[in-house]
Amino acid sequence: MNREVRSEEDRRITSRLFILLPITFCAFVGGLIVWVAHLIRVSIRMRDVPNASIGISLVAIPVFLLMLGVFNYLYWGLLRNRR
Amino acid sequence: MPRWGMVIDLDSCTACGACVLACKVENNVPAVGPAEAAMGRDIAWMEIIPEAKGAYPDVRMRFLPRPCLHCDNPPCIKVCPVHATYLDPDGIVAQVYERCIGCRFCMAACPYTAKYFNWHGYSCERTANGGANPDVSMRSRGVVEKCTFCHHRLQKGRDRARAEGRELAPEDYVPACAESCPTRAIAFGDLDDPGSEVARLSRSVRAFRLLSELGTEPKVVYLTESEEETGERA
Amino acid sequence: MRGLDEARDGHLLRPILGTGRGTVLAMSVLGAGVLFGALSYGKQLRDGLGVTGLNQPVSWGFYVTNFVFFIGISHAGTLISAILRLTKAEWRRPITRMAEVITVMVLFIGAGNILVDLGRPDRLLNVIRYGRYQSPLLWDATSISAYFTASTLYLYIPLIPDIAILRDTVSRRRWFYRLLALGWTGTPRQHKVLERSMGIMAILVIPIAISVHSVVSFVFSMTLQPMWHSTIFGPYFVVGAIFSGIAALIIAMAILRRAYRLEAYVKPIHFDYLSRLLLVMSLLWFYFTFAEYLTGFYGHEPEEMKVFWSKFTGSYAPFFWTMVVCNLAVPVGILSFRRLRTVAGCVVASCAVCAGMWLERFIIVAPTLANPRLGYAPQTYLPSWVEVGETVGCFSLFILLYLVFTKFFPIVSIWEIQEGRTQGVEETVERVRSYLPDTEPASVPIAAGMRALEPKEVPL
């Protein structure tokens, strides 16, 4: 029963549906970085305390990138070590 | 660039309320009705605050006409999340009604309680009768508004001066409250112009600024002979 | 892969396999609550914020209170679960997922409350287009996004082996579980990847969680208003959040234990341990509150004292003193005594704490606004039915979302219970042995010595 499940599983896993998970997360984090960069640009253009935007982006963006890294590590780690 | 400021002489002010009314008429401030006003939702860009000190029979009353004080270090603009309120180059704290999302953070941050919210989309009935001021935009429901030092009058004054090929004169830009005061208690002008009446009065011995210890640097200066204000001389 | 031990843990899959009458009834009641909330908000959308009891100057009321309260509850989950995992507390095993789900679901409600509070929600995109990072509201937006992402990840990662169990045993929605199981087969290397990811997230989620409620407190403390502009607000709010979070977790545990017959998994000892933490947080909360008010009172600044007396003897006194009773007297009175630390006693204390913490947020928001600096007379604020309806809707929606989660995933972590039965016991025995002095000579390295010891040689 397990072997049947496993081969069927392999088929499903190689299907493109799985790749959506890391792609969605990457898109989310990417979008966030774009947004923060946009806000920095707006604050510079309006001459309105760019330090606040830059300071916060220096903390927030690494945190999100770290989470993206953890998810990718998990995703690829699980898919690679199925045997 | 000029720094527009106001000096209000509390010793001349009779608290007649003409400034309050003139402001409301000039700026299309809606009348909210008695029920809403009883709930505390009256919108009065210029408001007269009665202050009582002491207990009967030694009560000392003071009436404080309080417009927006147009601080040079405004606490309200720091907390706005969307650039809907900002300090413009003329020194006027401006309000962008079309961008305001109605979070009311600026209202919570203003120590002078000078900002008002449009709770119900109160309509300005005067529009129907053609009595509204066409120079001032009507505010929609759910945005914050406040005294603008009649900024529209500044724009009109500048346009007129430019059309006539001359500099802006003090008579060209007078807010409605200053214009309407029967005792001429409200003076308005450029605080940075050393020759202006406002600059001279703001350096008077009787001058003080409200809540000056907070560091907001308001551009509305009050004059009074009362000795209690010695600690707050401008 | 270690499959599901049907005989022992099959019970945990029952909510997923079928829906009983109790669930349908609960969903109907909660659905009615959500509908009430939706109707209230609909009225507000139609007629404006004027349908609330808000006014000038009390322009923030129930909605902001709810926002702070629900974000506070979110500290339950992830923080408790992360701390218990990092300290290797074995008693965490049945309750970590209950805690993590609280966090993920309640963040929706918390953020939703800010949307409800806006005068122009249709202009929400202005925050994206023109956002100003000088404003604490933007700090909120960023921090809560980070926390939501982190806690979703932190809920999902330990869920994967259980999703694999579902994939292999349940016939409904198999494609869904197969997708989310990420090809889990239970190999040792997969276990290592999983545990390492869990470890990193457990460490990462703690500073994010602390930043979230600090930033929420900064919304108040960055203004110049009396009794708001206080440096204690950051830590005060975090302590209050953890406090209310533990209480919410205890209540959730009790309800789930009764509803899904989890008495074998969620035992009185879990309530005992958590309520000891609750007792400690109650005393800690009281210490912060006392320090805050003593400082204000001692300084005796007139504008601060206006707000102070409004809370102590004025119109907000009933709320303030009820809060003190609920947050201090009831939890300390019940939880200090072991005989009273039963499941029922813990739940009573937790309900009191939740009510008390809601009141605490309320008396932070309203009295300061009601007593503005200039010579105004204090303004009263009476919430309208719209605000009450929205609050009811918030609670109902949160519980409903939680209930829906339990219908899709097991609320007790099956693989961690199984791991606890074997590995957990072994590792704990080894660990305790390693704390104690052993009888081996000093030349033998401790690590090798541990394995080489015969049980009878070690004085236990």
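Two residues are in contact if their C-beta atoms, placed from the backbone, lie within 7 Å. The legends below describe a predicted model.

**View 1. Helices H5 and H6 of chain C pack against each other.** Two packed helices are described by the angle between their axes and the distance between the axes. For H5(C), residues 75-86, and H6(C), residues 96-117, the angle is about 145 degrees and the axes are 6 Å apart. From H5(C), the residues Ala76(C), Gly77(C), Thr78(C), Ile80(C), Ser81(C), Leu84(C) and Arg85(C) take part. They meet Thr96(C), Ala99(C), Glu100(C), Val101(C), Ile102(C) and Thr103(C) of H6(C). Sorted by class, this contact has six nonpolar, five polar and two charged residues.

**View 2. Chain A touches chain C.** The contact involves 32 residues of chain A and 30 residues of chain C. On the chain A side, helices H1 (2-14), H2 (20-45) and H3 (50-80) each supply at least two residues. H3(A) gives the most, with 16 residues. The chain A side divides into 23 nonpolar, four polar and five charged residues.

**View 3. Chain B touches chain C.** Here 37 residues come from chain B and 36 residues from chain C. Strand S2, helix H3 (75-79), helix H4 (105-109) and strand S6 (116-117) of chain B each give two or more residues to the chain B side. Among these elements, H4(B) gives the most, with four residues. By class, the chain B side has 23 nonpolar, seven polar and seven charged residues.

**View 4. Strands S2 and S3 of chain B form a hairpin.** S2(B), residues 47-53, and S3(B), residues 60-66, run antiparallel and are joined by seven bridges. One of the residues in these bridges is Glu47(B), whose partner in S3(B) is Arg66(B). Six residues lie between the two strands of the hairpin, and Gly54(B) takes a positive phi near 90 degrees.

**View 5. Four strands of chain B make an open sheet.** The strand order is S8-S1-S10-S9, and the pairing is mixed. S8(B), residues 186-190, and S9(B), residues 207-208, stand at the edges with a single partner strand each, so one side of each has no neighbour in the sheet. S1(B), residues 4-9, runs antiparallel to S8(B), and five bridges join the two strands. Within this pair, Trp4(B) stands opposite Asp190(B) of S8(B). In a regular strand the side chains alternate between the two faces of the sheet.

Conventions: Residues are numbered from 1 along each chain as its sequence is written. Chains are lettered from A and ligands numbered from 1 in the order in which they are written. This is a predicted model: local features need pLDDT of at least 70, side-chain atom pairs count only at pLDDT 80 or more; totals for chains, interfaces and linings use all residues. Ala, Val, Leu, Ile, Met, Phe, Trp, Tyr, Cys and Pro count as nonpolar, Asp, Glu, Lys and Arg as charged, and the others, Gly among them, as polar. Two strands pair if DSSP finds at least two bridges between them. Axes are lines fitted to C-alpha atoms, for helices over the stretch in contact, and angles run from 0 to 180 degrees between N-to-C directions.
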